[in-house]
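This report describes the surroundings of a ligand and the packing of the protein around it.

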Amino acid sequence: MSEALCEQTRQEVAIQSETGVEYAGQPQLLERHMDIPSSRWHLAIERRRSRRHFDPNLPLAPEILTALDKVCNQFVPFTHARSSLVTDSADSVFKGIIGSYGKVKDAPAFIAFIGDMDDPFVQEKVGYTGEGIILEATALGLNTCWVGGFFRSHIVASLIEVRNKERVLAITPVGYARESESWQERLMTGFARSHNRVALSELARGLPGEEWSDWVNPSLEAARLAPSATNRQPWGFDVQDDGITVFVRTRGPEFSVSKRLDCGIAMLHLEVAALDSGCKGKWEFLPSPQVAKFKTRS
Ligand SMILES: Cc1cc2nc3c(=O)[nH]c(=O)nc-3n(C[C@H](O)[C@H](O)[C@H](O)COP(=O)(O)O)c2cc1C
């Protein structure tokens, strides 16, 4: 795809993305109240690492809490997915994998990522939305860690309003991590081989690399850095001349966290880097095993 084409479609897509996201020709109303700060979040993608043990001597300043609350309220790109900041009882909601192993400790606050389970695309919407909050927290100098399975959902539900069809799909602690990783954190990082990422050559299919336009490589590199449960990196990318389709590449059990939620996180990384390279698009949600297509022209 030529740069000129992306340039030409940018205007069309900008108009379409005002009106919504399509699924099977049915536009869903977008409720995004803020634009993605692409350079800021692109830098955050490179800096972010999961941290689980926080410094109890470093509370969150009121202006930081205000900034977190604001992004939770304003980064609402889809109906049926939202985020809620909680500054109470953070430690009581985290469980360890075995006893206290892997447990989040001394977090001054947490954020809950909530979805309406009647929406067929709830998992990817929550992943995409939640990662926006995580990247903004990272940009604010905070540390985070997606937690999908190991939290006490009844305690979370007692601290926030969870509506009829809604479920808290994941949470993250927010705070300042202890300067050096504790041995339990190092154990968790090693257990999940957290810093390893699958090579792009194994993730991408479709158009050969020499035919990719300039925005494709940085976008896929950013998507590749996305966090995923147990670092399983379930995503694959099909590069076409009118965009990129994200699909679930891996087989095997999901355990308690949907692979489509991981893919939603990768979708946001992909879009942040595409925007930072000057390429706008819109998402079209797709049935399994595909997840969604980032369309750069209609
Ligand atoms: C949806 C999701 C759920 C996760 N659940 C947990 C969890 O329950 N406990 C935990 O310690 N880490 C959890 N993680 C963190 C991953 O282990 C971590 O993101 C991965 O190993 C990659 O490491 P990184 O985030 O430092 O890049 C989760 C991550 C994601 C995206």
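## Ligand shell

The ligand is surrounded by 23 residues, of which the closest are Ser50, Trp146, Gly148, Ser194 and Pro227; a residue is near the ligand if its C-beta atom, placed from the backbone, lies within 6 Å of it. The model is a predicted one, in which local features need pLDDT of at least 70 and side-chain atom pairs count only at pLDDT 80 or more, while totals for chains, interfaces and linings use all residues. Residues are numbered from 1 along each chain as its sequence is written.

By class, the shell holds 12 nonpolar, eight polar and three charged residues. In this scheme Ala, Val, Leu, Ile, Met, Phe, Trp, Tyr, Cys and Pro count as nonpolar, Asp, Glu, Lys and Arg as charged, and the others, Gly among them, as polar. Helix α9 (residues 259–276) gives the most to the shell, with three residues; helices (H or I, at least four residues) and strands (E, at least two) are DSSP runs, numbered from the N terminus.

## Domains

Because domain 1 (3–30 + 196–295) and domain 2 (47–191) both give residues to the shell, the ligand lies between them. The domain bounds come from an automatic or database domain assignment.

## Nonpolar core

The largest nonpolar core has 75 residues, and Phe110, Ile111, Ile171, Val246, Ala266, Met267 and Leu270 touch the most other members. Helix α9 supplies the largest share of this core, 11 residues. Such a core is a set of buried Ala, Val, Leu, Ile, Met, Phe, Trp, Tyr and Cys residues joined through C-beta atoms within 7 Å; a residue is buried if 20 or more other C-beta atoms lie within 10 Å of its own, exposed if 12 or fewer, and partly exposed in between.
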